[in-house]
Amino acid sequence: MDDRTVGAKTEAPDDTFLRDRTALRDDRSKFPEVKAKPGSRLRPLVLIGVAILLGFGIYRVITAIRAPKESSTEQQNAPQPVRVATIGTGTIKVVVTGLGAVTPIANVTVRTQVNGQLLEVGFKEGQLVKKGDFLAQIDPRPFQLAEAQFEGQLIHDQGLLDQARVNLVRFQTLLKQNSIARQQADDQAFLVKQYEGSVKTDQAQIETQKLNLVYAHILSPIDGRVGLRLVDAGNYVQTSDANGLAVLTQLQPISVIFVVPEDDIPEIMAATRAGTPLEVTAYDRANVTLLSAGKVATLDNQIDPTTGTVKLRADFDNLDNKLFPNQFVNARLLIKSLRGVVTVPSNAIQHGAPGTFVYLVGADDTVSVRTIGVGPLDGGLYAVNSGLTPGERVVVDGADRLRDGAKILIAAGGDGSDGHAAPPQGGETPAKQDAPGKNHRGGHSGQTDQP
């Protein structure tokens with residue numbers, strides 16, 4: 001077999017394969033034509049839209065991040081509207097506040113001192129009575145009869161005493177004449193002493209019944225107000241009754257017992273030794289309304305170790321009856337007054353890294369941080385120990401938007417002529433600013449702005 005024959009046999013399968021594939025394509029051409037789906041054509045458009053929206057979103061986010069920075073920079077550079085006050089001088093009262101309660105100087109429970117039937121009640125509930133006014137009457141007849149009985153016994157014993165004295169004189173005469181024995185005369189002298197004792201006992205019994213008659217007619221022991229009636233007429237009252245007949249409370253004058261920190265005791269004692277009467281004012285529970293003014297009467301003799309406080313009693317005339325027993329009050333003790341000191345409004349005080357500072361207004365309407373030392377607080381004003389002089393101006397409103405060197409714009413009507421021109425922020429009165437029990441000398445405004 002030659003090479004051409006082998007080549008022909010080898011190529012035969014390829015021809016057959018080509019013929020078969022041609023036949024297969026011919027067979028496929030006979031099937032119906034399939035159309036492409038519409039969604040496959042829109043897919044590129046959707047992807048392009050998503051890309052556009054994503055790019056727009058990224059642009060808005062970047063714009064929103066950059067906008068506050070730019071606006072804050074513009075706000076910092078723009079003048080900030082503020083209110084200012086001019087530093088002046090004045091009087092600062094060094095006041096210590098403490099919680100207290102109104103305590104009557106006298107509080108009496110009226111009880112009967114004799115047993116008997118209550119015939120009459122001579123008072124009304126809530127009535128104001130004076131010392132010596134009639135309150136109640138207990139049946140006096142048993143004591144009157146007992147008095148008459150002891151008076152009769154006194155007459156009998158007095159007669160025996162007189163007779164014994166006459167016989168004693170006779171026996172002493174006969175003794176001198178040696179007509180009787182000395183023992184008989186001595187016995188008569190002892191009998192006289194016995195009758196004298198009986199007479200004295202009878203007199204004491206009579207006085208006792210007279211005292212019982214006084215006790216049966218009950219009078220008011222003090223000036224005060226009568227509380228609720230505890231017993232009605234017709235009841236049998238006894239000295240062992242726990243409640244008594246009524247309770248009397250003295251209202252004029254009245255006292256307030258309050259507590260102050262032990263750290264203030266040296267100054268209080270110094271003022272007391274100097275003979276200076278310490279003034280105390282009493283405010284209501286809200287520490288807003290002034291109720292009455294009085295003087296310190298006394299100081300307790302020891303400090304309460306559990307609270308570190310000491311009690312003081314102050315007396316008040318209470319002529320208008322604004323103080324009521326057991327009423328809760330806020331007491332303010334005036335220790336001394338600092339006159340002619342530099343003052344600054346409390347809402348100008350700031351606290352931060354430099355310490356206690358204010359924003360000082362310069363001539364070019366810029367502010368600078370000025371560190372100051374403050375003293376006692378009186379209402380809305382602090383005493384300035386160092387850092388400020390009269391005539392300088394400080395920011396009292398709008399300091400939260402300021403920094404050192406910031407430009408300011410003084411609002412209309414915001415340039416105070418003195419330290420009193422700028423009221424405390426929030427419209428609070430000085431009384432409301434002072435928390436009950438807070439020492440004015442140690443108070444702060446509570447602001448925490450930093451320069």
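In this predicted model, a salt bridge joins the side chains of Glu 267 and Lys 336, with an N to O distance of 3.7 Å.

A second contact between separate elements is the salt bridge of Glu 196 with Arg 165, whose closest N and O atoms lie 3.1 Å apart. Because Glu 196 sits in helix α4 (residues 182–216) and Arg 165 in helix α3 (residues 141–176), the pair ties together parts that are 31 residues apart in sequence. Glu 196 is partly exposed at 34% relative accessibility, and Arg 165 is partly exposed with a relative accessible area of 37%.

Arg 401 and Asp 400 also meet through their side chains in a salt bridge, at 3.9 Å from N to O. The relative accessibility of Arg 401 is 41%, which means that this residue counts as partly exposed.

The pairs described here are among the six salt bridges counted in the model. Their distances are set out below.

| Salt bridge | N to O distance |
|---|---|
| Glu 267 and Lys 336 | 3.7 Å |
| Glu 196 and Arg 165 | 3.1 Å |
| Arg 401 and Asp 400 | 3.9 Å |

Each of these contacts qualifies because a side-chain nitrogen of Lys or Arg must lie within 4 Å of a carboxyl oxygen of Asp or Glu.

Terms used:
Residues numbered from 1 in each chain as written. Predicted model: local features only at pLDDT ≥ 70, side-chain atom pairs only at ≥ 80, totals over all residues. Heavy atoms only, no water. Helix = DSSP H or I, 4+ residues; strand = E, 2+ residues; numbered from the N terminus. Buried < 20%, exposed > 50% of the residue type's maximum accessible area, 1.4 Å probe, protein only.
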